[in-house]
Amino acid sequence: MNVHKARMFNAKVAWNDHPSIKALASYLLTKSTGTPSAQTTLQQLIGTDALGSSQHVGLILGERFVNMPVEVIPPMYRMLADEIEWANEDVSVSAFPGFAISGPILNTDNTHQDEPYNFTHYVILSRLYRLSAADVASLNDEADAEAMSAASPKPKKKKKRKSVKSTEEEESFQPGTFSFHLEDDVIQKVSTLTLDYDFSNRQPRSEDGGESLGLEMAGRLMVVPAEKLKDLVALMAEEYPLPS
């Protein structure tokens, strides 16, 4: 999993003037035009005026390999929260081997209001997927086929054949929108804004209900107030504890 820890949208080290930050902010603002409340919130956080202000907004990108279990995420968020706290306390990063703060060297005075790590909010970018009726039919057919195969007697075995549960008894897929990463369901509990948006460059989908390549993916933006980060860490640890 790659977590680009708290890259700032706006800081006194001129990240607000970086072309990549401007492009990302513009992209997200464009995606929020259909939702007035989201547009207003994002303008206040990453709009042109906001990028030029002393307000600091952190960007968190959480992606990992498909087979990486969700249980690794709570410790990573806990370490991220610890690093930010240490940075704001002017604790020497070198005193904590294995941890790294992404960004410039911090000032050593006792005024932290303008420090680049004194965030007011975090913008978390993730993904979601949508299941259409055609997707659900295909997935349920695959699940039924796997269930039938698993229930078939193996050769040279005299064990009693297990009965196959009916479709009604099996947990089937349903159409809808779902988080690509399980932890996003927890993040939404403390977020003040969740915005789902279509990617500008996405795989074309069949309009007539025919087969399309893969699942329909889209983007998800979540805004978490800085004071809620520790609450988020606790909720994640409770929801996805490490195996004992």
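**Salt bridges and surroundings**

Guide: Let's begin with a pair: the side chains of Arg220 and Asp196 form a salt bridge, 2.7 Å from N to O. Arg220 is in strand S7 and Asp196 in strand S6, so the pair ties together parts 24 residues apart in sequence. Keep in mind that this is a predicted model.

Visitor: Is Arg220 buried or exposed?
Guide: Arg220 is buried, because its relative accessible area is 5% and the cut-off for buried is under 20%.

Visitor: And what about Asp196, buried or partly exposed?
Guide: Asp196 is partly exposed, with a relative accessible area of 34%.

Visitor: What lets two side chains pair like that?
Guide: Side chains of opposite charge can pair when their charged atoms come close.

Visitor: How many salt bridges does the count come to?
Guide: Seven salt bridges.

Visitor: Give me another. What does Arg130 form a salt bridge with?
Guide: Its partner is Asp198, and the closest N and O atoms are 2.9 Å apart. This pair links distant parts of the chain, 68 residues apart. Arg130 sits in strand S4, while Asp198 sits in the loop between strand S6 (193-197) and S7.

Visitor: How accessible is Asp198?
Guide: Asp198 is partly exposed, at 30% relative accessible area.

Visitor: Which residues are joined into one network?
Guide: Arg130, Asp198 and Glu216, through salt bridges that share partners.

Visitor: New topic. What does Glu63 meet in a salt bridge?
Guide: The side chain of Arg127, at 2.9 Å from N to O. Glu63 lies in strand S3 (residues 57-63) and Arg127 in strand S4, so this pair ties together parts 64 residues apart in sequence.

Visitor: Are those two buried or partly exposed?
Guide: Glu63 counts as partly exposed, at 27% relative accessibility. Arg127 is also partly exposed, with a relative accessible area of 25%.

Visitor: How do S3 and S4 pair?
Guide: In the parallel sense, over five bridges. Take Leu61: its bridge partner in S4 is Leu125.

Visitor: How many residues of S3 are buried?
Guide: Five of its seven, so S3 is mostly covered.

Visitor: Back to Glu63. Which side chain does a polar contact of 3.1 Å join to Glu63?
Guide: That of His181. A second polar contact, of 3.4 Å, joins the side chains of His181 and Arg64.

Visitor: Where is His181?
Guide: In the loop between strand S5 (176-179) and helix H6 (183-190). His181 counts as buried, at 3% relative accessibility.

Visitor: What does His181 touch?
Guide: Leaving out residues up to four places away in sequence, His181 touches Gly62, Glu63, Arg64, Ser126 and Arg127.

Visitor: On to the helix. Which residues of H6 are buried?
Guide: Glu183, Asp184, Val186, Ile187 and Val190. They cover an arc of only 155° around the axis, which puts them on the same side of H6.

Visitor: What covers the buried residues of H6?
Guide: The cover includes helix H4 (73-88) and helix H7 (229-239). Strands take part too, including S4 (121-131), S5 and S7 (216-225).

Terms used
Residues numbered from 1 in each chain as written. Predicted model: local features only at pLDDT ≥ 70, side-chain atom pairs only at ≥ 80, totals over all residues. Heavy atoms only, no water. Helix = DSSP H or I, 4+ residues; strand = E, 2+ residues; numbered from the N terminus. Buried < 20%, exposed > 50% of the residue type's maximum accessible area, 1.4 Å probe, protein only. Polar contact = N/O pair within 3.5 Å; in protein donor to acceptor, adjacent residues only side chain to side chain. Contact = heavy atoms within 4.5 Å. Arc of directions from axis to C-beta. Salt bridge = Lys/Arg side-chain N within 4 Å of Asp/Glu carboxyl O. Pairing = 2+ DSSP bridges.
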